[in-house]
Amino acid sequence: MNLTVQSSPHIRGVFKTSRLMLDVVVALLPALVVGTWVLGFRALAVTAVSMASAVGAEWLYCMAAGKQNTLRDCSALVTGMLLALTLPASVPLGIAVLGSVFAIVLAKCMCGGLGQNILNPALAARAFLMLLFPAALTRYEAIDGISSATPLHRMVMPALPEYSLMDMFLGRIPGSIGELSALALLLGGVFLVARKVISPKIPLAYLGSVAVLTLIFSKTGSPVDWMLYSVLGGGVMLGAIFMATDYATSPVTPMGQILYGIGCGVLTVFFRYFGLFPEGVTYAILLMNLATWGIDRITAPRRFGVKKGEQV
Amino acid sequence: MKRRFFGGIHPSYRKELSVKVTPSVAVIPKQVVIPMLQHIGVPCVPLVKVGDKVLRGQKIGDGEGLCVPVHASVSGTVIAVEPRPHPSGKLINAVVIENDFQDTTIPPRTYCQNAEAMDPDAILGLIREAGIVGMGGAAFPGNVKALSEIGKVDTLIANACECEPYITADDTLLRTNPEQVLRGMQILCRVLQPKRAILAVEDNKQEAIAKVKNLLPEYAGIELEVLPTRYPQGAEKQLIQALTGREVLPGQLPVSAHCAVFNVSTFAAIYRAVELGVPVTSRIVTVSGEAIREPQIFIVRIGTSFHDLIEVAGGLNDSTERVISGGPMMGIAQSDLSVPVVKATNSVLCLLKDRNGAAENPVCLRCGKCVCVCPMRLQPLYLYRFEKVKNARELERLHVMDCIECGSCAFTCPGKLPLVERIRSGKQLLKEAKSK
């Protein structure tokens with residue numbers, strides 16, 4: 001009998017890369033459903049094209065670079081889906097394909113592959129597309145013929161959006177495919193926390209700091225409304241739950257995750273208030289991505305057996 | 001308020017496989033192989049030579065320094081004194097005894113019915129002579145450990161957590177002979193004079209808990225603590241933290257937290273040594289796992305081969321992937337089933353291929369789950385990364401030496417990284433770098 005001699009432990013838990021990735025896809029489905037419902041079938045088409053081209057790009061890269069095929073970890077599906085959800089439904093399909101290829105090849109594979117990349121691939125691709133095609137990425141179609149101005153466009157004025165908070169919560173507003181409904185995104189977030197895919201630390205710290213800052217520095221007479229519109233509008237919910245929690249590009253220490261979430265929140269509000277575009281989530285998270293390794297280093301957990309500040 | 005230790009995991013425990021009412025006495029083998037090293041420290045020098053007749057319980061090896069004697073576990077004739085495979089994976093000098101099946105036992109030497117009347121030195125002497133080591137797996141000489149703790153501990157802990165999946169040796173002992181454990185605790189209390197003596201059990205051993213609860217009124221001063229089941233509760237640093245809230249200092253022993261921790265099997269052995277004058281010649285062993293036909297609990301003579309035990313338990317399934325000495329989380333995989341049961345062998349585990357097992361291409365996602373589950377608050381993913389690039393300085397900064405190798409990180413890792421293996425190699429790397 002041939003007995004295997006390997007290091008302990010001899011049993012492993014049920015977590016598996018592909019399971020975690022597919023859980024993220026499932027968690028994003030409510031947002032995609034709302035996006036398709038509100039924006040039409042084209043939203044679904046953009047997402048499908050983006051996912052397919054992400055998978056294709058990874059396959060081609062692995063072939064070309066002579067690397068082991070990594071498609072089975074399903075991470076390309078997540079990247080393609082996340083990118084699509086940040087795009088308007090009206091975006092030309094070629095732009096979605098270009099973005100996916102950029103995300104997979106440049107932002108992920110060429111930065112060392114899964115787990116090694118510094119920047120969130122989907123957001124890096126979005127930032128890249130914003131540079132090349134700003135018009136295509138910020139042109140939103142009108143909903144029910146009311147207005148094509150997203151809530152954030154009005155908030156730049158500054159004024160409260162013309163949509164009710166309930167519309168914002170449910171997603172009856174113009175915007176990118178995946179950012180419409182806070183409810184759908186929250187459902188996905190609860191699912192991910194329940195499945196232990198993510199810890200709620202980063203989303204809570206992120207949304208919490210956005211809420212606190214917009215409450216304090218309200219631009220209108222009703223700070224609570226301003227705060228609620230700020231949290232529900234734009235990509236902050238999608239960013240906080242799905243982008244900032246990307247494993248490779250966020251800290252692993254408990255303290256670091258809170259710090260990182262707060263950093264994302266502060267930068268988001270900062271960019272929204274003082275930036276060129278109404279939205280700041282993409283750049284806020286990308287900037288914090290750069291700080292991730294440094295944050296981990298300064299937030300190492302207290303050593304077992306040593307009190308805080310003590311040296312051994 | 002119940003305290004808890006950091007991190008930890010909830011593996012599938014599979015204890016039901018082997019839990020029986022009473023342990024069966026395993027077949028007494030034709031031959032026993034008694035390694036001269038069954039403890040941490042210096043190997044014994046054999047006291048017998050080929051051709052010698054030995055009795056059960058006769059001392060057949062002893063030595064100086066950090067060393068406790070070993071005893072014959074059957075009566076018979078010595079047929080070899082030579083290096084033999086040992087469950088640690090090394091070749092270790094051993095005395096091989098051909099059983100005469102008479103089981104002639106040497107009369108108990110010195111012993112005392114009433115340990116309360118004995119002075120601590122005499123008790124420690126009996127503990128040493130009986131060859132007692134830490135029977136939970138660490139195998140540190142019992143008398144040396146107790147001696148180093150005299151006057152320095154206020155809490156004596158009997159560890160019956162048995163947090164490793166499958167293993168039911170401590171559970172069985174508490175279900176069948178709880179009074180031996182409690183008596184052993186009283187004897188060690190006489191030596192160490194602690195303020196508290198705690199028997200710690202995880203709450204998945206209800207029958208054992210009930211038995212102990214019934215007996216407690218007769219044993220003044222001993223407390224029972226039932227802890228919520230979580231791995232690695234039975235690791236001594238984590239157990240001390242869960243019971244007292246104290247943290248053992250880095251690189252130090254439990255005595256730095258004023259605690260002494262012994263496995264319950266060790267307490268039972270202390271009782272038998274001191275009050276019955278009987279040395280360690282057998283122990284309870286769980287033979288379990290999905291790959292064994294009839295999982296069982298045996299009382300096994302030290303020196304019985306894994307092969308013999310597996311035969312008695314119905315033999316191995318054809319698709320057996322590994323046989324492990326100890327538990328699935330920290331045990332050692334065996335390649336040669338002729339290895340003997342030693343004093344610290346609590347389990348022989350036979351496993352099929354793990355459904356959740358290693359990936360073809362292990363990749364770190366940086367998901368951080370290893371950081372969350374590490375009971376020593378380390379960052380296994382960074383230890384892995386810096387071991388890979390052989391950076392001893394970073395490994396030291398990240399306290400690689402603090403790792404207790406419990407395997408919680410590797411168990412949880414979705415990328416199926418060989419974390420424990422690499423961290424162990426990282427420790428070696430740091431040791432070598434420091435010795436330069």
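**Close-up views of a predicted two-chain model**

The area buried between chain B and chain A is about 4,800 Å², and carbon and sulfur atoms give 55% of it. Buried area is the accessible area (1.4 Å probe) that two parts lose on being put together, summed over both. In chain B, the residues that lose the most area to chain A are Arg322(B), Leu365(B) and Arg366(B), together 15% of what that side buries. This is a predicted model, in which local features need pLDDT of at least 70 and side-chain atom pairs count only at pLDDT 80 or more, while totals for chains, interfaces and linings use all residues. Residues are numbered from 1 along each chain as its sequence is written, chains are lettered from A and ligands numbered from 1 in the order in which they are written, and side-chain values use heavy atoms, with hydrogens and water left out.

**View 1. The side of chain B that touches chain A.** In this interface, 66 residues of chain B are in contact with 46 residues of chain A; contact means heavy atoms within 4.5 Å. Across the interface, 26 residue pairs are in polar contact, both residues at pLDDT 80 or more. A polar contact is a pair of N or O atoms within 3.5 Å; within protein, one must be able to donate a hydrogen and the other to accept it, and residues adjacent in sequence count only if both atoms are side-chain atoms. Among the elements of chain B that give two or more residues to this side are α6 (236-244), β15 (322-325), β16 (332-334), α9 (369-373) and α13 (419-435). Helices (H or I, at least four residues) and strands (E, at least two) are DSSP runs, numbered from the N terminus. The residues of this side divide into 32 nonpolar, 17 polar and 17 charged. Here Ala, Val, Leu, Ile, Met, Phe, Trp, Tyr, Cys and Pro count as nonpolar, Asp, Glu, Lys and Arg as charged, and the others, Gly among them, as polar.

**View 2. Salt bridges between the chains and within chain B.** A salt bridge is a side-chain nitrogen of Lys or Arg within 4 Å of a carboxyl oxygen of Asp or Glu. The structure holds 33 of them over all chains, and the count between chain B and chain A is four. Asp402(B) and Arg303(A) meet through their side chains in a salt bridge, at 2.6 Å from N to O. In another pair, the side chains of Arg128(B) and Asp62(B) form a salt bridge at 2.8 Å, N to O. Arg128(B) lies in helix α1 (residues 120-129) of chain B and Asp62(B) in strand β5 (residues 59-62) of chain B, so this pair ties together parts that are 66 residues apart in sequence.

**View 3. A four-stranded sheet in chain B.** Four strands form an open sheet in the order β2-β8-β7-β4, with antiparallel pairing. Two strands pair if DSSP finds at least two bridges between them. At the edges stand β2 (31-35) and β4 (53-54) of chain B, each with a single partner strand, so one side of each is left without a neighbour in the sheet. β2(B) pairs with strand β8 (residues 91-99) of chain B in the antiparallel sense over five bridges. Val32(B) stands opposite Ile97(B) in β8(B).

**View 4. A six-stranded sheet in chain B.** The strands of this open sheet have the order β1-β14-β13-β17-β15-β16, and the pairing is mixed. Its edge strands, β1 (24-25) and β16 of chain B, each pair on one side only. β15(B) and strand β17 (residues 347-351) of chain B pair in the antiparallel sense over four bridges. The bridge partner of Val323(B) in β17(B) is Cys350(B).

View 5. The peptide bond from Ser8(A) to Pro9(A) is cis, with omega near -5 degrees. Pro9(A) is placed in the segment before α1 (17-39) of chain A. A cis peptide bond also joins Tyr231(B) to Pro232(B), with omega near -5 degrees. Pro232(B) lies in the loop between β11 (222-227) and α6 of chain B. Arg366(B) is a residue other than glycine with a positive phi, near 65 degrees, and lies in the loop between β17 and α9 of chain B.
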